[in-house]
Amino acid sequence: MGKDRTKLIKLVHPNSKIKLQKRTNLPQDRLSELPNEILVCILSSLSNLEERQRTSVLSKRWRYLFRNLVFDDSILVPLWKKYSCGEISKDRFTMTVSSERSKFISRVNRALLKLNPHDIIDQFKVVFNLDATYTSVIDNWISLSLRKKVKKLSLHLKTLWGNRYTLTSQLLQSYSLESLTDLSLASVDVTGEVLEYVLSHCPFIESLHVQNTWSLKNLKTSAPLPKLKHLEILYCDYFRQIEIHAINLVSFKYVVNMTTLKAVLGDVPNFVSLSVMGGYARYLFDNNDCSISRSLSQLETLDISYILGNRFKRIPELRNLRQLKLGIYHFTNGVFNCTSFLKASPMLHTFGLKVDLINLQLLIGLADENMKAQGNTYTQDTYTHQCLKVVELINFVGCFAQMQLALYVINKATSLEKIIIHTKKLSLTKVYSESTQKYLTARPINNAKELGTRLATGVELVIL
């Protein structure tokens, strides 16, 4: 058998003059079926570029991926868990991170030194705890990647203590940015002026992601950005104003604890995806003075996180919405917001509900009886949803309000096909008795299974 397989492989070699008519018995290239992210992860673990090039014969797609240099902090994940659980002290945690940081820097430097003069980098990504102390190191990495015509540049520095690394326009001015299509910065201090320089010198930039920086207050560009499709501003607490013209913008994600943002995006006919916090969503829905507000009816995907107790005064008709995700802070008025959004989205296909924070009384069941009267007020309406097929309940603890909302959806969604329930494991203290802890631990799973008995025939229940 082994001999026959060897002959078969030889017959399909590119240099062979013989062509097989049937190739059904050829060994399959399983590696090519893997997602790019997994292949890049494997390649990044190899010590140098030569090894990546030699292993490219293993997969048809492999040869194109060794130009992706991805270096992350996955080795620190177990350490993070021990530190967050109090299993190790802060001093030991800091000392271990420092040791791993030195190894990490050496590994990145070795990989970059192995590059040939004419090598081109498609992606350069660094995810690690690096602060301003390592400015010269990070500057060198950015410089080299730009010299190598990098397309996707990502710096997620996760600074714990100390000053953050600052990206300056002086560093960027020495290099061409024309190859850059994707820029992602997290825990990097960067001003609006620097980002304006980047955007004005990157004619092909398609994606900009800025997260957790204190320096960013305004972002304005005078020239249009015809290629920009995805814009994300996350946890930049001092960010107040954005004025750009991106006619091909597809998605905008703005997660900042602010109720207002002066946003001018120009004409955005392709805008279909919005992700914001509850306060800013309420501002957009109540006002019609910016391009985002005027484009709400175009949305196909909407994600609203951290919705507080107050009800939305106005929810516009979302006639094109297919996917909706709501993050509820408290259930008192949150359930009414959920039902209002469902009614405003007649074409909705997927609905996700995430509980960001639940009143402790709901967890132990003391308030269940008090909420039953409220729950009945929104489950008795005659409204039915004709298109909703998938429902996700995230952080499900099995309290009465969650059960009622799930039952509401089950009864109102006439085309429902699947409910996915992400149960939440509670972190219980010694305050509760042993019997109460046992009950609280089992309640999410038990109540999720109880929902399964209420489903119509053919509706799938997935409990995670």
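A: Contact here means heavy atoms within 4.5 Å. The model is a predicted one.

The arginine is R164, placed in the loop between β3 (152-156) and α7 (169-172). Apart from neighbours within four places in sequence, R164 is in contact with A132, T159, S187, D189, N212, T213 and W214.

Charge comes next. R164 is buried, yet it has no salt bridge. The nearest side chain of opposite charge belongs to D189, at 4.3 Å. A salt bridge requires a side-chain nitrogen of Lys or Arg within 4 Å of a carboxyl oxygen of Asp or Glu. The side chain of R164 does reach the backbone oxygen of N212, at 2.4 Å. R164 also lies over the face of W214, 4.0 Å from the ring centre.

One of the contacts of R164 is S187, a residue in the loop between β4 (182-186) and α8 (192-200). S187 counts as buried because its relative accessibility is 7%, and the limit for buried is under 20%. Leaving out neighbours within four places in sequence, the contacts of S187 are L157, K158, T159, R164, Q211 and N212. S187 and N212 are 25 residues apart in sequence, but their C-alpha atoms are 5.1 Å apart in space. Their side chains make a polar contact at 3.3 Å.

Now the aromatic rings. The count comes to 10 aromatic pairs. In one of them, F71 and F124, the ring centres are 6.2 Å apart and the planes stand at 65°, so the pair is edge-to-face. This pair links distant parts of the chain, with F71 in strand β1 (residues 68-71) and F124 in strand β2 (residues 123-127), 53 residues apart. Both F71 and F124 are buried.

For F285 and F312, the centres are 5.6 Å apart and the planes are at 50°, so the pair is tilted. This pair also links distant parts of the chain: F285 is in helix α9 (residues 278-286), and F312 is in the loop between β12 (301-307) and β13 (323-328), 27 residues away. Both F285 and F312 are buried. Another arginine, R282, lies over the face of F312, at 4.5 Å from the ring centre.

Elsewhere, F239, F252, Y254, Y280 and Y283 form one aromatic cluster.

Definitions and conventions
Residues numbered from 1 in each chain as written. Predicted model: local features only at pLDDT ≥ 70, side-chain atom pairs only at ≥ 80, totals over all residues. Heavy atoms only, no water. Helix = DSSP H or I, 4+ residues; strand = E, 2+ residues; numbered from the N terminus. Buried < 20%, exposed > 50% of the residue type's maximum accessible area, 1.4 Å probe, protein only. Lys, Arg positive; Asp, Glu negative; His and termini not counted. Polar contact = N/O pair within 3.5 Å; in protein donor to acceptor, adjacent residues only side chain to side chain. Phe/Tyr/Trp six-rings, centres within 6.5 Å; stacked < 30°, edge-to-face > 60°. Lys NZ or Arg CZ within 6 Å of the ring centre and 35° of its normal.
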